[in-house]
Amino acid sequence: MNADRSSEPRYNIVIWKKDKQVGTLRDHGASQAWSSFGGAVARYRGSADSHRVELYDGPNLIEAWTSEEGHKALSA
């Protein structure tokens with residue numbers, strides 16, 4: 001059986017607290033994914049805990065933010 005993957009969201013936002021994954025957001029479109037990523041960063045900015053937010057386009061990590069270092073744009 002061949003599963004139709006076209007309905008699966010392309011973008012994933014993974015949220016970490018210290019070394020534990022605490023959430024995943026999934027979006028179909030790039031605009032909504034970037035908006036969700038920005039919202040997650042805003043949510044955890046200023047937190048006393050160590051957080052990391054990662055944005056993936058399929059399997060590729062395209063942007064990351066940490067509460068210690070800020071944004072890290074990744075080269076393609």
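**View 1. Trp34 and Phe37 share helix α1, sitting three residues apart, or about one turn of the helix.** This is a predicted model, and a search through the whole of it turns up one aromatic pair. The partners are Trp34 and Phe37: their ring centres are 5.8 Å apart and their planes meet at 80°, so the pair is edge-to-face. For that label the planes need to be over 60 degrees apart. Phe37 is buried, with 2% relative accessible area, while Trp34, at 40%, counts as partly exposed.

**View 2. Here is the largest nonpolar core, built from 11 residues.** Phe37 turns up again in this view, as one of the core residues. From β1 (11-17), α1 (30-44) and β3 (51-57) come at least two core residues each, and α1 gives the largest share, with five. Look for Tyr11, Ile13 and Ile15, then for Ala33, Phe37, Ala40, Val41 and Tyr44, and finally for Val53, Leu55 and Trp65. Zooming in on Ala40, and skipping its neighbours within four places in sequence, we find it in contact with Ile15 and Val53.

**View 3. Helix α1 has a buried side, made up of Ala33, Ser36, Phe37, Ala40, Val41 and Tyr44.** Around the helix axis these residues cover an arc of only 135°, which puts them on the same side of α1. Just past the end of α1 comes Gly46, with a positive phi of about 85°.

**View 4. Ser36 is a buried serine in helix α1.** Its relative accessible area is 15%, so Ser36 falls under the 20% cut-off for buried. What does Ser36 touch once its neighbours within four places in sequence are left aside? The contacts are Ile13, Leu25 and Asp27. Ile13 is also a member of the largest nonpolar core.

**View 5. Lys18 has a positive phi, near 55°, even though it is a residue other than glycine.** Find Lys18 in the loop between β1 and β2 (20-27). Is this lysine buried or exposed? With a relative accessible area of 56%, Lys18 is exposed, since the cut-off for that label is over 50%.

**View 6. Zooming back out, the protein has one helix and five strands.** Following the chain along its sequence, the pattern reads β-β-α-β-β-β. Of the 76 residues in the protein, 29% are buried.

How values were computed. Residues are numbered from 1 along each chain as its sequence is written. This is a predicted model: local features need pLDDT of at least 70, side-chain atom pairs count only at pLDDT 80 or more; totals for chains, interfaces and linings use all residues. Side-chain values use heavy atoms; hydrogens and water are left out. A nonpolar core is a set of buried Ala, Val, Leu, Ile, Met, Phe, Trp, Tyr and Cys residues joined through side-chain atoms within 4.5 Å. Buried means under 20% relative accessible area, exposed over 50%, partly exposed in between (1.4 Å probe, protein chains only). Helices (H or I, at least four residues) and strands (E, at least two) are DSSP runs, numbered from the N terminus. Contact means heavy atoms within 4.5 Å. Rings of Phe, Tyr and Trp (its six-membered ring) pair if their centres lie within 6.5 Å; planes under 30 degrees apart count as stacked, over 60 as edge-to-face and the rest as tilted. The arc is that of the directions from the helix axis to the C-beta atoms.
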